[in-house]
Amino acid sequence: IGKIHKEIAGDKVVFSSQIDFGNQTQTLWYRLDAEYSDSFCDDRVDGLVASLLFFSLMNGADIISTLPISEKLYYQLTYNLIPQLCRCNKSVISPIKIEAPLVSIGYPKASGVGCGISCGVDSFTTLYEYTRLVPLDSFKLTHLTYLKVGAHDGQIGKYDKEVQEGLFQSQLSHAKAFCTRYGYKLIVVESNLTEIIDRMFGFYNYEQFHSYVNAGTVLQLQKLFHRYY
């Protein structure tokens, strides 16, 4: 995983990183509104490691980075998650290593509280619980997110960029309308992550890896989020 580069393009900001696997080199990018440019982590690879972890495990590929990874995440992955996944998943040949400098300092100014908004029953249940039911203000939602990191494949058996984009835009219009009507801040993150995954590792059905890429994208925004549901 290469260094993360930041580029402002009009009202958008794009963060990109070079990803090498075998004899392949791809440029992975994330795009969001420029007002959230200071919320995206470009000083560590927490989110990228989490997003690529499943595919690294399935291919027996160690993760190497010159950018640091948070010490807490490194510990949880190395001593808890990876060993358990290797015991439970017979498709994983052997544990992998994460080789990167460690950083123990977090983001003390992060105060945002977020969850995804798809306008489905799961997101509305979370929204209701953490706006109406939770008694503590520091646990109440401040931002909603809509992430294009693989939930919009729309088919099983192959990757289709046009189908993914069509579904993304269609569902995004509902999320925007809801947030506009009820006054919620919406963070939209677009990425070519699933396209890069398909090119480098081959096709995987979304249900196999959605937890990794969604958690990874949220970790990229940990300068903003103190809590995320």
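Biologist: Great, how many salt bridges does the structure hold?

Modeller: There are six salt bridges in it, a salt bridge being a side-chain nitrogen of Lys or Arg within 4 Å of a carboxyl oxygen of Asp or Glu. Bear in mind that this is a predicted model, where local features need pLDDT of at least 70, side-chain atom pairs count only at pLDDT 80 or more, and totals for chains, interfaces and linings use all residues. Residues are numbered from 1 along each chain as its sequence is written, and side-chain values use heavy atoms, with hydrogens and water left out.

Biologist: Which residue does Lys12 form a salt bridge with?

Modeller: Lys12 pairs with Asp33, and their closest N and O atoms are 2.7 Å apart. That pair links distant parts of the chain, with Lys12 in strand 2 (residues 12-21) and Asp33 in strand 3 (residues 24-33), 21 residues apart. Strands (E, at least two residues) and helices (H or I, at least four) are DSSP runs, numbered from the N terminus.

Biologist: And how accessible is Lys12?

Modeller: Lys12 is partly exposed at 25% relative accessibility, and Asp33 is partly exposed at 24%. The cut-offs are under 20% relative accessible area for buried, over 50% for exposed, and partly exposed in between (1.4 Å probe, protein chains only).

Biologist: What about Asp42, which side chain does it meet?

Modeller: Asp42 meets Lys223 in a salt bridge, at 3.7 Å from N to O. Asp42 lies in the loop between strand 3 and helix 1 (46-59), and Lys223 in the loop between helix 6 (206-219) and strand 11 (225-228), so the pair ties together parts 181 residues apart in sequence.

Biologist: Switching topic, where do Glu195 and Arg199 sit?

Modeller: They are four residues apart in helix 5 (residues 193-201), about one helical turn. Glu195 and Arg199 form a salt bridge, with the closest N and O atoms 2.6 Å apart.

Biologist: Is Glu195 buried or exposed?

Modeller: Glu195 is buried, at 14% relative accessibility, whereas Arg199 is partly exposed at 44%.

Biologist: Why is helix 5 largely enclosed by the rest of the structure?

Modeller: Because seven of its nine residues are buried. Among them are Leu193, Ile196, Ile197 and Phe201.

Biologist: Nice, and what covers the buried residues of helix 5?

Modeller: The cover includes strand 2, strand 3, helix 1, helix 4 (161-182), strand 10 (185-191) and helix 6.

Biologist: Last one: which residue follows helix 5?

Modeller: Gly202 does, and its phi is positive, near 95°.

Definitions and conventions
Contact means heavy atoms within 4.5 Å.
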